Amino acid sequence: MNIRRPSDIRKKQNKRDSKKKYIIAGGSAVFLLLVVGSVFGIRQTSLFRIDSVFVEGIPEAYGVQVRRDLESFSRDHSLVFRFLGSGNMIAWDGTPSAFLDANPQFRDVRILKDYMRKSVTIIVDGREKFGVWCHDPARSTLMPIEEGAASTTTNNEEYEEEEPDDTCYWFDRDGVLFARAPQVKSELFNRVYDSTGRSIGLREKILPDRLFVNLAKIFKLMEMAQINTKTVFVRDLALEEVDTDSVSDPRIIFSLRNDPLFALSAIDALKQSGEWSGLHYANFTVENRASYK
């Protein structure tokens, strides 16, 4: 009778286990070599080579800078892009969400790849500067331009421009903050001075949509009525009101809950009667009603 000793059984099991390990290790090595070979093949082949890159949606000069910024960002944040390089089609991310998060001045950035034409098209949807929002009410007083001060001319008007300020930001036509803004010493731009103490970050809205739509109309109304200011003040958000402060016009109070355009006819009537210049304030917070003193 042939009886196997436990030691012999254990040796055979160890032998089988070692053989499995060698097979697994060999298979893994072959797979790794195939992956590395494929990656290097993708890098070297002309199949994914890019012959041209286009930028659409913004001026050409600015597009060149956006392309450079996108390439630099991708190189720093993507191992695939860093390895394959900007000249390889696969390296480009079709929806660069990380780049978009880091650059709130863009609404959207998309990348279209055309493998047949060997081209990449970067489509940029930028944000338009509609106004400046500041949360420092101490800067609400306009300062005259001193002789010899640096200025920029736009539409034949001058304004003094400082370095971007930590308290002021550009907002677009949707009320979204997207970039730091300078202190502009002029009425060229719509401005909102907010003394509510709120902390608002980039990509956030300065007001809820239902209120901002009327704020935009207030700016339009002041332009149509030739009010000598483009600046409004938000002092208490619970009131849902804004007011103005002008050297040559009375203080005007608007409600953000209502469409303000009804006030245009009242302002015109007061101007024609000669009463406007002598008013202390004009209140248009109640729809279709004007009160003044």
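Colleague: Why is D243 called buried?

Modeller: Buried means under 20% relative accessible area, exposed means over 50%, and partly exposed lies in between, using a 1.4 Å probe and protein chains only. D243 has 5% relative accessibility, so D243 counts as buried. Before we go on, this is a predicted model in which local features need pLDDT of at least 70 and side-chain atom pairs count only at pLDDT 80 or more, while totals for chains, interfaces and linings use all residues. Residues are numbered from 1 along each chain as its sequence is written, and side-chain values use heavy atoms, leaving out hydrogens and water.

Colleague: Thanks! Where is D243 found?

Modeller: D243 is in strand β10, residues 241–244. Helices (H or I, at least four residues) and strands (E, at least two) are DSSP runs, numbered from the N terminus.

Colleague: What makes a polar contact between D243 and R235?

Modeller: The term asks for a pair of N or O atoms within 3.5 Å; within protein, one must be able to donate a hydrogen and the other to accept it, and residues adjacent in sequence count only if both atoms are side-chain atoms. The side chains of D243 and R235 have such a contact at 2.8 Å. Another, of 3.5 Å, links the side chains of D243 and R251.

Colleague: Which residues is N214 in contact with, leaving aside neighbours within four places in sequence?

Modeller: They are L256, R257, N258, D259 and P260. Contact means heavy atoms within 4.5 Å.

Colleague: And why is I90 given a label of its own, partly exposed?

Modeller: I90 has 32% relative accessibility, so I90 counts as partly exposed. You will find I90 in the loop between α3 (79–84) and α4 (97–102).

Colleague: What makes a nonpolar core, and how many residues has the largest one?

Modeller: A nonpolar core is a set of buried Ala, Val, Leu, Ile, Met, Phe, Trp, Tyr and Cys residues joined through side-chain atoms within 4.5 Å. The largest has 33 residues, and V192, I206 and L215 have the most contacts inside it. Helix α5 gives the largest share of this core, 7 residues. Apart from this core lies another, of 20 residues, including F48 and W92.

Colleague: What does I206 touch, not counting residues up to four places away in sequence?

Modeller: Among its partners are W133, F171, V192 and L215.
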